[in-house]
Amino acid sequence: MNLQSNDFEIFGLSPRFAVDRAALDARWKDLQREAHPDRFATADAQTQRQAMQWSVRINEAYQRLKDPLKRAAYLCELHGAPIQAENNTAMPAAFLMQQMQWREDLDEAQGQDDLERMADDVATARRAMLQELQTTADDLRDWPALAQQVRALMFVERFASDVENRLDLLGQ
């Protein structure tokens with residue numbers, strides 16, 4: 001392996017959305033054990049520096065691969081379909097209408113029950129979207145469509161965070 005390998009190569013995985021999380025975690029622990037800078041404490045400075053670089057690179061790859069949204073975005077980038085969330089916010093009208101309705105519902109939420117119901121609805125939508133991401137990535141291998149789905153999921157994740165923040169404020 002070299003530092004320029006993609007995240008999937010570092011972990012010995014096929015570049016797919018579906019990842020066995022237990023296997024990923026176990027491989028991360030093995031890689032960290034092999035590359036941990038403490039193992040090279042008595043080595044020369046260059047070897048210590050390389051161990052540190054490897055440790056950082058392994059952790060970066062792990063953080064990307066363990067998070068479904070980051071993993072999907074990374075697959076898009078690997079296949080020439082960058083997310084470009086800052087520049088490309090175009091979404092289907094039905095999706096935008098749903099987002100507007102959720103925002104209105106959040107503004108009108110009267111208490112914990114309303115917010116928890118919203119959190120459940122958003123979690124259900126998120127699970128469905130993750131399943132669609134997997135189909136688009138692993139079965140259809142349609143990278144531009146996956147990029148659009150990732151952008152949509154980013155909206156949903158942000159909204160879920162807003163609902164959680166409101167719930168947290170009620171708990172204070």
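Helices here are DSSP runs of H or I with at least four residues, numbered from the N terminus. By that count, this predicted model has seven helices and zero strands in the protein chain. From the N terminus on, the elements run α-α-α-α-α-α-α.

**Overall shape**
- The C-alpha atoms of the protein chain fill a box of roughly 65 × 45 × 30 Å along the principal axes.
- The radius of gyration is 20 Å, whereas a compact globule of 172 residues would have one near 16 Å.
- Among contacts between residues at least 6 apart in sequence, 69% join residues at least 24 apart.

**Surface and charge**
- Of the 172 residues, 35% count as buried.
- The accessible surface comes to about 10300 Å², and carbon and sulfur atoms contribute 49% of that.

**Helix 6 (residues 112-140)**
- At 1.5 Å a residue, the 29 residues of helix 6 should span 42 Å. The end C-alpha atoms are 40 Å apart, which agrees.
- The buried residues of helix 6 are L115, M118, A119, V122, A125, M129, L130, L133, T136, A137 and D138.
- An α-helix has 3.6 residues a turn, so residues three or four places apart point the same way.
- R141 follows helix 6, and its phi is positive, near 55°.

Conventions: Residues numbered from 1 in each chain as written. Predicted model: local features only at pLDDT ≥ 70, side-chain atom pairs only at ≥ 80, totals over all residues. Heavy atoms only, no water. Helix = DSSP H or I, 4+ residues; strand = E, 2+ residues; numbered from the N terminus. Expected span 1.5 Å × (residues − 1). Buried < 20%, exposed > 50% of the residue type's maximum accessible area, 1.4 Å probe, protein only. Rg over C-alpha atoms; globule rule 2.2 N^0.38 Å. Contact = heavy atoms within 4.5 Å. Areas by Shrake-Rupley, 256 points an atom, 1.4 Å probe, with all protein chains shown as cover.
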